[in-house]
Amino acid sequence: MRVRVEQTPLPGIGVRHDLVTSSGRTVGVVSHRNGRRDLVLYDVDDPDSCLASIPLTDGEAEALANVLGASLMLGQLAGLRQQAAGLLTEQIALPAGSPFVGRRLGDTRARTRTSASIVAVLRDREVIASPGPSFVFEANDVVVTVGTREGLDGVTAILAGDTDD
Amino acid sequence: MHSTTTLLIEVGALLFALGMLGRLGRTVGLSPIPLYLLAGLAFGHGGIVPLSASEEFIQVGAEIGVILLLVMLGLEYSAAELVGNLRAAAPAGVIDALLNTLPGAGFAFLLGWDWRAALVLAGITWVSSSGVIAKVLADLGRLGNRETPVILSVLVIEDLAMAFYLPLVTAVLAGVGLAGGAKALAVAVVTVIAVLVVAIRYGSTISKFISVQDGEALLLSVLGLTLFVAGVAAELKVSAAVGAFLVGIALSGPVAHHATEMLSPLRDLFAAVFFVFFGLSTDPADMPPVLLPALGLAVLTMSTKVLTGYLAARRAAIALPGRMRAGVALVPRGEFSVVIAGLAVASGVEPRLAPLATAYVLITVVAGPLVARVPDYQWFKKIVRRRMAVRRPPANPLPAGE
């Protein structure tokens, strides 16, 4: 379903974006000219007025966007699981002792060896979508992988360093 | 040498006192404008502590204050914003002008003043204070509200209308009669349209001449350009304030953004001096006789402003509570009313005008933010809800989006 975001200029202050959710609530963001942002929630009884106006710093706005983005991404990946029979999605935590900490994704040759794909990496609440071969792993990365059961097990083994090249 | 030291002592003490007053005002949630006016009354002729050496300095400072108030106003809006807004909200602007100038003018005739004083008083009651209102809206957390764009567009139109009104008043007060006033108005119309067109077409090119990298150079060039244009405009009898406003509109993009940041402290300083100067030029002894008329005028024009906001919000399909909020938000008059009254005082058209304007602005600017809070109280919401329930039973209040 397409969501309509409405944009309203606020002369001298900035611009307001808002949208009506399917549950009937209205949420919006007031972006001030000087870079300040307010998250606004509208009253149910009086839809013209906002119930709360929450100022967000740059960092907070980014964190909120990431949280929403990450949960959205994972939700879509979970949806993928149901769409294609036999194809699975798994989040594999990079073990601390993995030989690939500090090495490039291309070095794992995971797709060539297991035909499973690494589609995203979660790092510090951030989603790095479709990492390239030159992407460098760090400790505590969570690798989101799509493939068959054997393929996923293969990637888990490779990342753990349990295979002999 | 002696006069310079007195000047330093007086100006220093005055600014320090204003700073303390402003702080006091903030703790009780009051705009500093009425406090500055009261300070001016206290320091003026017949006040508690008359200033002697610094009057001339304050007078020049006050003139710079008006210019800075106006250039900052121009910087807030881009030319495209002004034109786009004019198209969308012109009817609201006309309602606003009619409902709020006529009571002022009528009141002046009632007091037996001549038509020039009536023209001035009409302007004083017309213009809401965009500075005070923007602050009130932010303080009450209403910036995200749906009626807020309506309020802001009424303010924008008023500010733009000043670009025509001020030259007219300046010319009329200079004693050139109606024909001279019409000529000044025509000049202003042509100039404003020319500046808007140039600003929309070539605004980015103009702004490129002024470098953003060097803060000091930016400050000096923008301030210099503004004072120069304001001076030339005053020389051409088109009101210095309007010249400054147009400079603000012509600048756009990063230059406008940085200039706003750099000029804000200067504006705060000189605008405070301006309000004090206006208070200075009023003798406190003249105040008591005009207090009652000022109160009557304030009550009358506060209700017409509420009606203005109500009608403007209704045009934008805002529900009843939002219309009430828009109405009460528009109540405070402030810097512009004082600017207009200042023009009249300088020309000496009507001796009772300055004390009346002072009292009027004091009343509306103090009452405005208090009145603006009324729609947030539970008892008010209850009354409004009951009325809405009577008028239209179970209607879905949500707009049919999607």
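Modeller: Terms come before the sheet. Strands (E, at least two residues) and helices (H or I, at least four) are DSSP runs, numbered from the N terminus. Two strands pair if DSSP finds at least two bridges between them. This is a predicted model: local features need pLDDT of at least 70, side-chain atom pairs count only at pLDDT 80 or more, and totals for chains, interfaces and linings use all residues. Residues are numbered from 1 along each chain as its sequence is written, while chains are lettered from A and ligands numbered from 1 in the order in which they are written.

Now the sheet. It is open, has five strands and pairs antiparallel, in the order β1-β2-β3-β4-β5 of chain A. β1 (6-10) and β5 (50-56) of chain A are the edge strands, each pairing on one side only. On average, neighbouring strands of this sheet are turned by 20° against each other, direction ignored. Here axes are lines fitted to C-alpha atoms, and angles run from 0 to 180 degrees between N-to-C directions.

Next, β2 and β3. Strand β2 (residues 14-20) of chain A runs antiparallel to strand β3 (residues 26-32) of chain A, and seven bridges join them. One pairing to look at is A:H17, whose bridge partner in β3(A) is A:V29. The hairpin of β2(A) and β3(A) has five residues between the strands. In that hairpin A:G24 takes a positive phi near 90°.

On the other pairing, β3(A) is joined by five bridges to strand β4 (residues 37-42) of chain A, again antiparallel. A:S31 has A:R37 as its bridge partner in β4(A). Four residues lie between the strands in the hairpin of β3(A) and β4(A). There A:G35 has a positive phi near 95°.

Now the surroundings. The domain assignment, automatic or from a database, gives chain A domain 1 (6-56) and domain 2 (74-160). Chain A has four helices and nine strands. Along the sequence the pattern is β-β-β-β-β-α-β-α-α-β-β-β-α. The radius of gyration of chain A is 21 Å, well over the 15 Å that the globule rule gives for 165 residues, so chain A is more spread out than a compact globule. That radius is taken over C-alpha atoms, and the rule is 2.2 Å times the number of residues to the power 0.38. The C-alpha trace of chain A spans about 65 × 35 × 20 Å along its principal axes.
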